[in-house]
Amino acid sequence: MKALTILGSTGSIGVNTLDIIGQYPDRFKVIALTAHHNIELLFKQCIHYKPAYAVVSTEKLADNLQQRLRERSLNTEVLFGAKALADVASLSEVDTVMAAIVGAAGLLPTLAAIKAKKQILLANKEALVMAGPLFIEEAKRAQVTLLPIDSEHNAIFQCLYGRFEPGIPPKEVSKIILTASGGALRNKPLAQLKDTTPLEACQHPNWVMGQKINIDSATLMNKGFEVIEAHFLFGLSPDQIDVVLHPQSIIHSLVEYRDGSMLAQLSSPDMRIPISYALAWPERLENSATHLDLLKVAQLDFKPIEEARYPCLGLAMQALKIGGTATTILNAANEIMVQAFLEGKIRFTEIASLNQQVLEKIHSCPVVSVEAIVEDDSFARAVALEMVEKAQKNVLTAMEFSASAAKLRTEREHSRKF
């Protein structure tokens, strides 16, 4: 029986992971579940899966959850904070860690799991985006198994027949091709992108995901981060990684071999497929995902990426070429900008422009330690917040000017009538 810690159990990856685990109670056991602040769902998960530990972000939330679990006579111990995340990721009774915390918060607990020599199911792309060289070096040193969960990287993993060593380029591979759906705004006129609302940007046409990844999909920053992830994970140069638009999200990635052969992994756009593959690897598990019907799919389309529509992809490639902590800086800035957009503080198109300003303003440093990464991450967030504040003031000033101009026009029109 495989014993698991699920980092980020209330997110879409965590929920789908538990869905599969629930179908195979004789094969998997949940030791620890973690969430940021969604204790309502975490409470239900604890009742159903009875983990030994649960982790939340604050002491107040932990006390609340602990009391509710005691009222149900459950022995789950509730912990809180960053240290607790690292602790449950490295428990001696745990075999495998599902690293599904979104954003920078997932880096340190995932590194803790690697140092404890756990099998890693890697859904947190930011761990490689922020700390690629360090992350891969630790994985090599600990000789852990890294199994990618992102549908694109899991597809590459399958097309490589599961044979790869982290950071070492497969000798027979010429290049890989990542596919992108284009996100919720792929057909919206370019001139109207600036007026996009958060609700509109979160309406992904193919996948059911959280707000952050929906916005990153709309800007294609997620694909840029996936290029960075593929670079570190598979040891391929940026020139060996292509991105194409594939609206149907049926082919999840392709691998081109030296002899001209190209292998692709196809499936319905359902994260339960890559999750179940990684959970049982090298076996395959049945799951509740819809099986692909090629006759219903009918056709598969591929298009080049519009640079004007998706400048964030180019920014990610730029950061990768700069090297060092540039990718850390971009990731930090992007987290701030996406949240600012969701809160209505900046326009959709400002996500890319402000990200670029942060990347240009902060000098990249070599990735030599976790401390250096955390330092640049914090600095980039501070700079990004300043830029959001300035952008917000500019928006308010523009709105005030427009209101003033409109008032003046009304007064003039009124005076002309008399």
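The exercises below work through a sheet, its packed helices and a cavity in a predicted model.

**Exercise 1.** Determine in which order the strands of the open sheet follow one another, and which of them stand at the edges.

*Solution.* Begin with the order, which for the 4 strands of this open sheet reads β9-β8-β10-β11, with mixed pairing. Next, look at the edges: β9 (241-245) and β11 (262-266) each have a single partner strand, so one side of each is left without a neighbour in the sheet. Then take the angle between neighbouring strands, which are turned by 20 degrees against each other on average, direction ignored.

**Exercise 2.** Find which strands are touched by helix α7 and which by helix α10.

*Solution.* Helix α7 (residues 151-159) packs on the sheet and touches β8 (173-180), β10 and β11, while its direction makes about 40 degrees with that of β10. Helix α10 (residues 221-234) also packs on the sheet, where it touches β8 and β9, and its direction makes about 155 degrees with that of β8.

**Exercise 3.** Work out which helix gives the most to the lining of the largest cavity.

*Solution.* The structure holds 1 cavity of 30 Å³ or more, and about 50 Å³ of space lies in the largest cavity. Its lining residues include Ser151, Asn154, Ala155, Gln158, Trp207 and His252. Both α7 and α11 (272-280) supply at least two residues of this lining, but α7 gives the most, with 4 residues. Sorted by class, the lining has 4 nonpolar, 7 polar and 1 charged residues.

Definitions and conventions: Residues are numbered from 1 along each chain as its sequence is written. This is a predicted model: local features need pLDDT of at least 70, side-chain atom pairs count only at pLDDT 80 or more; totals for chains, interfaces and linings use all residues. Side-chain values use heavy atoms; hydrogens and water are left out. Two strands pair if DSSP finds at least two bridges between them. Axes are lines fitted to C-alpha atoms, for helices over the stretch in contact, and angles run from 0 to 180 degrees between N-to-C directions. Contact means heavy atoms within 4.5 Å. On a 1 Å grid over the protein atoms alone, a cavity is a set of points where a 1.4 Å probe fits but cannot get out, and a pocket is an open set with protein on both sides within 12 Å along at least five of seven lines; lining residues have an atom within 4 Å of a point. Grid points are joined across faces, edges and corners, and a volume is the space filled by probe spheres set on the points. Ala, Val, Leu, Ile, Met, Phe, Trp, Tyr, Cys and Pro count as nonpolar, Asp, Glu, Lys and Arg as charged, and the others, Gly among them, as polar.
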